[in-house]
Structures are given as C-alpha cells and as structure tokens.
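Here is a model to explore together. Please keep the sequence and the 3D view open as you read.

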Amino acid sequence: MLRIGSAEGFYGDDVTRALPMIEGGQVDVVCFEALSELTLAILRRDQMRDPKRGYTRDIEVIAERILPLAFARKVPLITNGGGLNPTGAAEVVRKAAERHGLQGLKIAIVTGDDLLARLGDLLAAGEALANMETGAPLTLDGLPIVTANAYLGAKPVVDALAQGADIVITGRVADPCLYLAPLIQGYGWAWDDWDKLASGIVCGHLLECTGQVVGGNSLALLDEIAPADLARLGYPIAEVESDGSFVVTKTPGTPGRVSQATVKEQLLYEMHDPRAYITPDVVANITTLRLEDDGLDRVRVSGATGAPRTETLKVNVARLEGYSRELIFTLGWPEVYRKEEQMRGMLATAWDGLPITRVETQRMGQDSLFGPLVAAPNDPIELVVRVMFTADDQETLKTAVRRAMALGLSGPAGMSVSGQSVGADPRPLLGLWPALVSRAVVEPHVSVTVTEVA
Amino acid sequence: MTETKPVRRLYELAYGRSGDKGNIANVSVIARSSETYAEIKEKITSERVKKHLGSLVQGRVERYDLDNIEALNFVLHDALDGGATRSLRLDGLGKSLAGAVLYMTVDEE
C-alpha cells in the first residue's frame with residue numbers, strides 16, 4: 001500500500017497541515033498543489049517586480065518547516081509551487097536545506113511547461129493554438145501576453161522520484177498528475193494501463209483540494225463539523241493499493257470528516273463530462289466507480305476506468321486586458337432606490353470623458369451573487385451598492401476614484417462609502433485563452449534536473 | 001379557499017457544490033437518497049436549470065447523469081462573466097452557484 005498525503009490545494013493554503021501526517025508516520029509521500037488558473041498570472045506580476053521570484057512563497061514554508069522532518073523520515077515532497085520559476089524556488093529550498101544541515105538532500109526541478117518565449121516559434125511551426133471555446137487562432141499582436149504554460153503530466157515527476165528526489169519542484173504540472181506520479185513510480189504502472197492511471201487521477205482529484213474532501217466547503221456536512229473545527233481540519237490522505245483502488249481518509253486524531261458525501265462533493269468539483277475527465281496522462285471515466293464505507297472517516301473508491309490519453313496537451317495563455325476598481329456605497333432608509341439612482345447619475349457625470357471601458361453595479365445582499373433570481377424588496381431598510389469599473393490603464397481608475405470622492409458632500413442623503421474600497425489598488429484583468437498544443441513540440445523540451453545538497 | 005401546496009426546493013432533495021474552469025461553471029446536484037435521485041433525474045432537466053438561472057448563464061447548460069453515485073452534474077457555459085481572472089462579479093469563482101440551482105423548485109411552477 002502507498003499512502004499519499006495532500007497538504008496544499010491553492011497558493012496560500014496552510015501547508016503545515018503536512019506536519020501531523022509525517023510526524024504520525026501516516027504517509028509515504030506528500031503532495032502540494034499550488035496553481036490555479038489565476039496563480040500563474042499573480043506570479044508573473046511578482047516576477048516583473050523581482051526576477052528572482054515567480055514561485056509561490058509557500059515553498060519557503062515547506063522548505064523551512066516541513067522539509068527537515070520529511071527528509072529525516074524519508075518522505076518525498078512533490079509540489080508544482082515552482083510556478084513560473086522552479087529553478088528560483090529550488091534555490092530557496094537549497095539555502096534552507098543547507099541551513100538545516102540536510103546533507104545529501106536531492107532537489108529535483110522540472111521545467112519545460114513555460115511556452116511564453118516559444119509562442120512565435122510554435123505558431124510558425126504550424127501550431128494554431130486555437131481558442132478551445134471560440135476556435136479562433138492565436139495571434140501575438142494586441143494586448144500583452146503575460147503567461148503561456150502547458151499542463152504537463154506525471155512523467156517528469158516520476159523520473160525525478162526514480163532519481164531519488166527528496167523534493168520535486170515543478171511548474172504547471174496538472175493538479176491530479178502530481179498525485180498520480182508517486183503511484184506510477186511506486187507500483188511501476190505502465191503508461192498505457194489506462195484503468196490504473198485513471199484510478200490514480202481520481203485519487204489525485206479527490207486530494208488536490210485538501211480541506212474540500214474532509215468537511216470544508218461542504219453543504220452535506222453543515223451539521224456535522226463544529227464551526228471552530230473548520231480552521232483546523234486534518235488534511236486528506238489516500239491509501240492506494242497496487243490495483244489502483246484506494247481509501248480516502250484523513251490525518252488521524254484531527255477534526256473533520258470523510259464520508260461518501262464529502263467524496264461525492266469533491267469528485268464532481270470542477271468536473272465537466274464525467275465520462276471524459278481529460279488529463280495529460282489518461283482520459284478518466286468516473287461513472288464506473290464505486291464508493292463504499294470502510295469505517296469512520298474512510299471511504300473506499302474503486303472501479304474508475306480510463307481511455308488512452310490525447311495527442312495534445314492543454315495550454316493556457318493569459319493576456320493583460322486592463323484593470324478594475326471597486327467602490328462600495330452604503331445607503332440607508334428611507335428612499336434607498338431613489339438615492340441609488342442619484343448616485344448612478346452623479347458618477348456618470350463625474351466620470352464623463354474618462355476612458356472607462358465598463359461600469360457594473362450590483363446590490364449586495366440582493367442580486368450580487370444570483371442576479372435577478374428573486375424579486376428585490378420594495379422598500380429595503382438598507383442598500384449596499386458595489387460599483388465595478390474598468391479601464392485599460394490604472395491611472396484612469398485612480399482619477400475616477402478621486403472624482404467620485406470629491407463629491408463626498410454633494411451626494412445623496414446619508415450615503416457613505418466603504419473606506420477600504422477607496423484605498424484599494426486597481427486589480428489586473430486577465431483574459432484566458434485555453435488552447436491545445438501537440439505533445440511533440442512540448443515534451444522534448446521538458447527537463448528534470450536533480451542536484452544534491454552538499 | 002384553495003389549499004396551496006408548500007414549495008419544495010431542490011435543496012430538500014439534494015446537496016451540491018460548484019466550481020469554475022475559465023468561464024465555465026459546474027454544479028453538482030447530489031441526491032440525498034435513491035428515491036430522491038429518481039425524482040431529481042426526472043424533473044431537473046438542463047432546460048429548466050438554464051431557464052431558472054436566467055441572465056447568470058449566457059451559454060448552454062449540459063447535464064450529465066452519474067447513476068453510480070446518484071448525482072447529476074450541470075455544466076454551465078459562459079456563466080462567470082468571463083471567468084475568475086476578469087469577472088466583475090462578487091463571486092467570480094462561482095462558488096455560490098450551487099445554491100442558485102438548489103433554490104429551484106422541484107416541480108415546475
């Protein structure tokens with residue numbers, strides 16, 4: 001049996017939840033999944049300020065607080081938190097390892113997913129990089145492209161583990177493939193054993209959002225998890241057999257719950273066609289699997305099936321489209337709707353002539369989440385209006401805020417504005433361009449480098 | 001005076017979770033029992049979900065059935081005002097959308 005722990009589901013997660021798993025001897029390997037569609041763009045912004053950055057800073061916590069214990073217990077760590085700069089992240093890890101005297105520690109770096117510098121060559125070589133949603137071919141002119149990363153599969157991570165890596169740092173390896181890798185390496189699964197690969201992918205998918213399979217974000221468990229426990233859930237562990245079947249459980253002695261309900265909730269999270277969950281290594285089918293109770297906080301998962309992997313990899317290209325700002329206005333009874341109308345008219349005049357590209361207003365607590373699903377009350381006691389506006393440049397938005405604030409004593413009766421929203425920075429808006437790219441132009445560029453701490 | 005039947009919302013029969021991928025959201029609707037699964041499967045069509053969500057979802061709605069775990073999966077296209085990286089919605093990640101679907105009445109009104 002191989003036991004995989006999961007201690008990160010997004011950049012900013014509490015990675016120290018790995019500690020009790022490793023201390024308790026509950027896991028053979030721990031994975032840290034750090035990259036959402038948004039994360040790489042955030043990392044690009046960091047890197048533009050400081051070229052040494054571009055990785056998730058959770059790596060610093062992993063290196064300082066988890067790696068010394070994991071190395072002593074021979075528990076390898078795998079993370080895609082290297083983001084845009086796995087090499088820079090490895091440097092941080094190496095320094096920490098030296099400080100902690102982790103002599104002989106092997107650090108593996110996986111690169112080759114970042115296609116930004118290669119986009120022109122790829123287009124010239126006949127890769128259309130057409131938008132998967134619209135079919136339009138990619139062009140390089142127009143708004144600046146900030147990131148372009150292919151989703152890699154488990155292969156380079158398997159290679160790194162086979163070379164004895166104690167920590168594997170990657171860029172954009174697809175989330176569930178981080179978890180599949182130690183299974184392929186440990187059990188020697190063939191790269192065309194589709195059912196086993198699919199099981200490993202389902203296992204990774206269930207673990208990759210950490211708290212979400214142990215009671216976090218769970219409507220089903222609303223009554224079962226004490227409010228205070230949401231802040232200290234024990235993160236998930238999978239006990240995987242060589243045939244691919246596995247038990248989802250969690251760190252023993254910690255709060256939280258694993259039940260068929262939590263497993264079902266996470267199984268369908270961010271899932272499209274359940275018969276074709278497309279990943280770089282296999283196309284998984286989750287409609288064939290079975291769930292069975294296996295004791296308290298233990299659910300057995302078996303029977304996932306797989307179809308051959310596709311000939312292409314997904315690549316996400318992100319363009320900087322402009323910036324947005326938010327102002328939150330509060331209006332109290334009476335006549336809140338008439339005052340809202342005054343506010344809108346006032347802003348429209350104040351912003352006249354500014355190159356603002358879009359303005360959206362939402363009534364918080366009425367239609368800001370669900371739109372006009374339910375009719376608005378006739379005479380509400382209070383109204384909180386969120387005004388969102390965008391421009392190509394940040395300066396326009398700052399001017400717009402200044403002009404709005406200058407009307408502080410001229411506006412609707414009793415209107416106030418949230419001070420926090422006035423002081424905030426503009427937020428970059430990124431257009432994502434999901435496309436497919438041939439494996440043949442990406443995989444030869446993927447490299448695994450293993451170095452040893454002296 | 002005619003007696004009106006109490007409104008039954010989908011939440012009584014199911015729970016669920018929503019998430020995002022680009023500008024596409026998905027909502028799982030997981031039955032609380034085998035009996036409720038049969039009823040949900042019959043009554044909660046993709047057409048009804050599309051109509052219920054109105055302007056929240058600009059694109060098509062697809063339904064996938066998972067008899068093995070007694071759940072439905074709804075995929076909502078063009079549902080997040082461009083996706084989390086550019087959406088002006090308060091909930092650009094669509095985390096709350098499951099609630100919007102569970103607010104549906106089980107029977108057509």
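We will visit a helix, then a hairpin, then the contact between the chains.

This is a predicted model, in which local features need pLDDT of at least 70, side-chain atom pairs count only at pLDDT 80 or more, and totals for chains, interfaces and linings use all residues. Residues are numbered from 1 along each chain as its sequence is written, with chains lettered from A and ligands numbered from 1 in the order in which they are written.

Start at helix α10 of chain A, residues 336-350. Helices (H or I, at least four residues) and strands (E, at least two) are DSSP runs, numbered from the N terminus. From first C-alpha to last, the 15 residues of α10(A) reach 21 Å, close to the 21 Å expected at 1.5 Å a residue (1.5 Å times one less than the number of residues).

Now look around α10(A): A:V336, A:K339, A:M343 and A:L347 are buried. They share one side of the helix because they cover an arc of only 75° around the axis, taken from the directions from the helix axis to the C-beta atoms. On the other side, A:R338, A:E341, A:G345, A:A348 and A:T349 are exposed. Buried means 20 or more other C-beta atoms within 10 Å of the residue's own, exposed 12 or fewer, and partly exposed in between, with C-beta atoms placed from the backbone.

Next, in chain B, strands β2 (18-21) and β3 (24-31) pair in the antiparallel sense over four bridges; pairing requires at least two DSSP bridges. B:K21 stands opposite B:I24. Two residues separate the strands of this hairpin, and B:G22 in the turn has a positive phi of about 60°.

Finally, the contact takes 30 residues from chain B and 40 residues from chain A, counting C-beta atoms, placed from the backbone, that lie within 7 Å. Elements giving two or more residues to chain B's side are β2, β3, β4 (61-66) and β5 (71-76) of chain B.

Terms used
Two residues are in contact if their C-beta atoms, placed from the backbone, lie within 7 Å.
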